[in-house]
Each structure stands twice: as structure tokens, then as C-alpha cells.
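Here's a quick tour of a protein model, written for someone new to reading structures. Have a look at the picture first, then follow the points below.

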Amino acid sequence: MNWSIFPARASTIAGEIDALYSFEVIVAGIMTVLIFFCVFLFAIRYRRRHPDERPRPIHGSVALEVAWSVIPFLVMLVMFGWGAKLYFESYTPPRDALDIYVVGRQWMWKVQHPGGQAEINELHIPIGTPVRLTLASQDVIHSFFIPAFRIKHDVVPGQYQTMWFQATQTGRFHLFCAEYCGTDHSGMGGWVTAMTPADYENWLSGGGKNGTMTEFGERLFTQFGCASCHVMGAQGRCPTLQYVYGHPVELEVGGTVMADDNYIRESILNPNAKIVRGYHPDIMPVFQGQVTEEQLMQLLAYIKSLGGSSIGSLKQQ
Ligand code: CUA
């Protein structure tokens, strides 16, 4: 039987995470053994041998106190520095990452690829390519966990979360929901299929026949009536969405906000939350409850495609 403490190490960060984990377990192990050794040693060595025995008081040792303060401090500092470095690495996706969108709901994961391919409880990805996941929840808090990639992120309703990874080997890896979310939480899992880039291209060409995410988004943009106002030359009643994504936006109340995924999401669901300078509130309808998280992601893909920072997505073949 193939026995191993760790699950497969299938991402670029997995080895480093395991190294940090092992370091912490070894330090904790050494400390545990040392403490228990001293407890037993002192209990035996300094036990009271006669009823009238009185110990001699000790008045302390500066050298000893400095040693047991400074050495653990330095060891903790290594854990902190190492952990912080890994944290920033694992939460800063490279700019050229492939975008994939994930919606969690009771009790399944729904995945959309930029080319329009959709899957449930399955995630197909190419190896050797950074992949950025944009995650949203339609109901309660879930947590997206791929043990073989050593990544996990809570998926909190009402906002987007992002996480990224780069797979290093092909195969099928378990994915889980790691936050108790109701009756079928334990069944809210599936499989990640890591493929060679060529196989991934092949897989992509098998789906998305109804259009790319951007095309879906454009259709919704028209269907919800956004297009009648938010395009150039609409008598200036609404801010144009060209070149908005990834740029700072001036607000009516003063100050600016970055037009990122979460700002655009909020502005669709609750347009009056942050009014763009020079525009009136209450013109745009509130879409809270009118659009699903998946539709929001499609609208976002469309708005990104109108210009702004590169969205770093793989174009549909
Ligand atoms: Cu979703 Cu647990």
C-alpha cells in the first residue's frame, strides 16, 4: 500500500508549504520532549527526601533568562518571516494568470471558464500555467480547498475572493468544501483534473458552444437594459464603462475608489453605494436579487473586455 503523511505535492507552492509545516512540527516536537524531560527530571532529582528538608532559594540567572527569551524569539521570528513570505506568494497572482470563475452554493461548486465552458464539481486546468480563481458564494460561507495544491480560501457571500496556483503534475486531485455549510457539506466536493496544456486546449474546444463568458455578459448587458445607458453618447446620464476596469473612479462624496471586481459587483447590485462623481443616484435600478452570481461574473467579464487593465484570460480558440 502506498502510504504517505502528505497528499500529493502537485503545485509550485506545495513543497514550500510542507517544509514550513514540517519545520513547525519539528520545533513543537523538540519543545514538547524537552519540557516533559525536564518535568520528570526535576520531579525525581529535586524531590523532598526528608520531612524537614528545606530547599535553598535561587535568586535567578540573567544569562539563563536571556537565553530562554531570545532563542525562542528568534525561532518564532523565522516562523513569522517564512510564513509571511509564503502568504504573500500564495495571495499574489501573477499578472498573466488564466482566469477561472467559481461559484459555491449549497451544495456544489459551479465553474465557468472564460471560453464559456461550464462544469459542476469538476475543475479542468492546464499544468505549468498560473491559474487565478475568482470565487463567490450564492448563499452561505463555503471554503474552496485543494489539498494537493496546498491552497484553501473561504468563499464569503457578498464579495469576491481570489486565489491562485500553478499545477506541476497531471492527474486527478480531490477538491473539497472546508467550511461547514449545511446538511450536504460533506458531499460538496469534486475533482480537479490537471492536464497538459495541449490536452487542456483540446478539452476547451469541446465546450462553450453557446459563446464565451464575455459574449454571455454582453447578452445580459443588453437584456438588463444596461446598454441603453452605459455606452458612449447616451446623453451623459450614466458613466460610460469603457476603460473603467482597473482604473480609479472619482466619487460624488469625494475620494476615489479602484474599479476592481468587487467595486463593479457592488455597483451592479447596489448602484447607490458609491456614486461616480457628477452623476445622480436612483437612476440605475438595483439589481440585488435580480442576477445570479454566475451572471454577475459574466457581466464582469464583459466589462473587463471593454478596456482597462488586461484581464489575463486565455482567449477562446
Ligand atoms: Cu460548502 Cu461546506
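Before we start on the strands: two of them count as paired if DSSP finds at least two bridges between them. Strand E2 (residues 108–112) and E3 are joined by three bridges and run antiparallel. Keep in mind that this is a predicted model.

**The sheet**
- Five strands form an open sheet in the order E3-E2-E1-E5-E8, and the pairing is mixed.
- Strands E3 (118–120) and E8 (161–166) sit at the edges with a single partner strand each, so one side of each has no neighbour in the sheet.
- On average, neighbouring strands here are turned by 25 degrees against each other, ignoring direction.

**A residue tucked inside: Ile100**
- You'll find Ile100 in strand E1 (residues 98–105).
- Its relative accessible area is 0%, and buried means under 20%, so Ile100 counts as buried.
- Leaving out residues up to four places away in sequence, Ile100 touches a whole list of others, including Val111, Gln112, Leu123, Ile125, Leu133 and Tyr200.
- Arg132 is also on the list of residues that Ile100 touches; the two are 32 residues apart in sequence, yet 6.2 Å apart in space, C-alpha to C-alpha.

- Met31, Leu34, Ile35, Phe36, Val39, Phe40 and Ile44 make a nonpolar surface patch of about 710 Å².
- Val39 belongs to helix H1 (residues 14–45).
- With a relative accessible area of 48%, Val39 is partly exposed.

Note on methods: Residues are numbered from 1 along each chain as its sequence is written. This is a predicted model: local features need pLDDT of at least 70, side-chain atom pairs count only at pLDDT 80 or more; totals for chains, interfaces and linings use all residues. Side-chain values use heavy atoms; hydrogens and water are left out. Helices (H or I, at least four residues) and strands (E, at least two) are DSSP runs, numbered from the N terminus. Axes are lines fitted to C-alpha atoms, for helices over the stretch in contact, and angles run from 0 to 180 degrees between N-to-C directions. Buried means under 20% relative accessible area, exposed over 50%, partly exposed in between (1.4 Å probe, protein chains only). Contact means heavy atoms within 4.5 Å. Patches are made of residues with over 30% relative accessible area and no salt bridge: like charges are joined within 9 Å, nonpolar side chains (Val, Leu, Ile, Met, Phe, Trp, Tyr) within 5 Å. Accessible areas come from the Shrake-Rupley method with a 1.4 Å probe; for residues, only the protein chains shown count as cover. A salt bridge is a side-chain nitrogen of Lys or Arg within 4 Å of a carboxyl oxygen of Asp or Glu.
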